[in-house]
Amino acid sequence: VDPTTIPMNDPKVMSLFNSTEAIGVTPEQIRTPVATYGIPEMGTKFVRQMLQETQPSTFADLLQISGLSHGTGVWLGNAQELIRNGTCNIKTVIGCRDDIMLYLIYKAGLDAGLAFKITESVRKGKGLTDEWIEEMKKHNVPQWYIESCQKIEYMFPKAHAAAYVTSAVRTAYFKLYYPIAFYAAYFSVRASEDFDIELCCQGYDAILNKLIEIEEKGMQASPKERAMISVLEMALEMTARGYSFKGIDLYRSDATRFQVDGDELIPPFSAIQGVGANAARNIAAAREEGPFLSVEDFQTKAKATKTIVEILSAMGCFRGLPESNQLSLF
């Protein structure tokens, strides 16, 4: 599917940014009220909280989210409070630096040159002069707007936000309409270091229990456990949607990419803890010479260490294979 052909206004795709309904799961099942796990710039806990509070429904709303999440002094203690107390909403709050200039010119009627000066000062965190504040008040700019400008330390440009949001919407489109391919791509790109095959193969309940266990540890959780959280959240969502992981397959696992097999994903050799990318490629290449005659034959062809053989053996990859070629002769 050519990403450039994907529409930017598909209502079902847009709904992923404010609900989980379109992907067929409940917020309780995936432990978040929005369906943005794995969507660039929109999947972090911080941004998911913003999505929950602002309920965006259009591309323009998502531009605001991108501006608010990348600015400094823009969301926390500023836009967040204004939206919470009903002073404004996601459409009228200051999100990107361009919003200020366009608002001052077209809504308030300020001179374009002055509007640009004010915008440049605000976006760099330099605030407003008394003279500018007077001029803004003369043009009926609301007090909340002036105070909001004073709190801003850095603002994102709208063109930059547009590039990010375009990427996010395209990714969300694949997540909704090509789910198993989306998860295969996500885990291939993001999960090589932090994927736990044995855990994920056990399914939804095991993944959920592991997530709860890590969260309960809080700051006591190891860096490795904390790094696993985003991968586990994706695995939780995938299994909640009815898809599952298979074990490593000696003949069908790829070196580094997750393979789609119906509604299941076959993990690559590189997803095994202790198997690096080079070792994984050696294993995949060794199959080209035909079926393995024995574990010993595999070890020789794949140039595998004793440790790798032990790991694969523990995973049941050698079921039915004799230990050595000697036995196969008899």
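**Exercise 1.** Leaving aside its neighbours within four places in sequence, which residues is S148 in contact with? Then work out whether S148 is buried or exposed.

*Solution.* Keep in mind that this is a predicted model.
- Step 1: find the residue. S148 sits in helix α9, which covers residues 143-151.
- Step 2: list the partners. Skipping the neighbours within four places in sequence, S148 is in contact with N78, L82 and I94.
- Step 3: check the cut-off. Buried means under 20% relative accessible area. S148 has 3%, so S148 is buried.

**Exercise 2.** Describe how helices α4 and α10 meet.

*Solution.* Start with what you need: two packed helices are described by the angle between their axes and the distance between the axes.
- Step 1: α4 spans residues 59-70 and α10 spans residues 158-177. Their axes come within 9 Å and cross at roughly 115 degrees.
- Step 2: the crossing of these two helices is right-handed.
- Step 3: on the α4 side, the contact is made by F59, L62, L63, S66, G67 and H70. They meet K158, A161, A162, Y164, V165, T166 and V169 of α10.
- Step 4: sort that contact by class, and you get eight nonpolar, four polar and one charged residues.

**Exercise 3.** How far does helix α11 reach from its first C-alpha to its last, and which of its residues are buried?

*Solution.* 
- Step 1: α11 (residues 179-190) has 12 residues and reaches 16 Å, close to the 16 Å expected at 1.5 Å a residue.
- Step 2: the buried residues in α11 are P179, I180, F182, Y183, A184, Y186, F187 and S188.
- Step 3: what covers them includes the helices α10 and α14, along with β1 (244-245), β2 (259-261) and β3 (264-266).

**Exercise 4.** In the largest nonpolar core, which residues touch the most other members?

*Solution.* 
- Step 1: this core has 106 residues, and M42, I118, F187, F195, F298 and L312 touch the most other members.
- Step 2: helix α14 (residues 223-240) gives the most to the core, with eight residues.
- Step 3: zoom in on L312. Leaving out neighbours within four places in sequence, L312 is in contact with I248, F269, I272, I283, F298, C317 and F318.

Methods
Residues numbered from 1 in each chain as written. Predicted model: local features only at pLDDT ≥ 70, side-chain atom pairs only at ≥ 80, totals over all residues. Heavy atoms only, no water. Axes fitted to C-alpha atoms, helices over the stretch in contact; angles between N-to-C directions. Helix = DSSP H or I, 4+ residues; strand = E, 2+ residues; numbered from the N terminus. Left-handed = near helix turned anticlockwise from the far one by under 90°. Contact = heavy atoms within 4.5 Å. Nonpolar A, V, L, I, M, F, W, Y, C, P; charged D, E, K, R; others polar. Core = buried A, V, L, I, M, F, W, Y, C linked by side-chain atoms within 4.5 Å. Buried < 20%, exposed > 50% of the residue type's maximum accessible area, 1.4 Å probe, protein only. Expected span 1.5 Å × (residues − 1).
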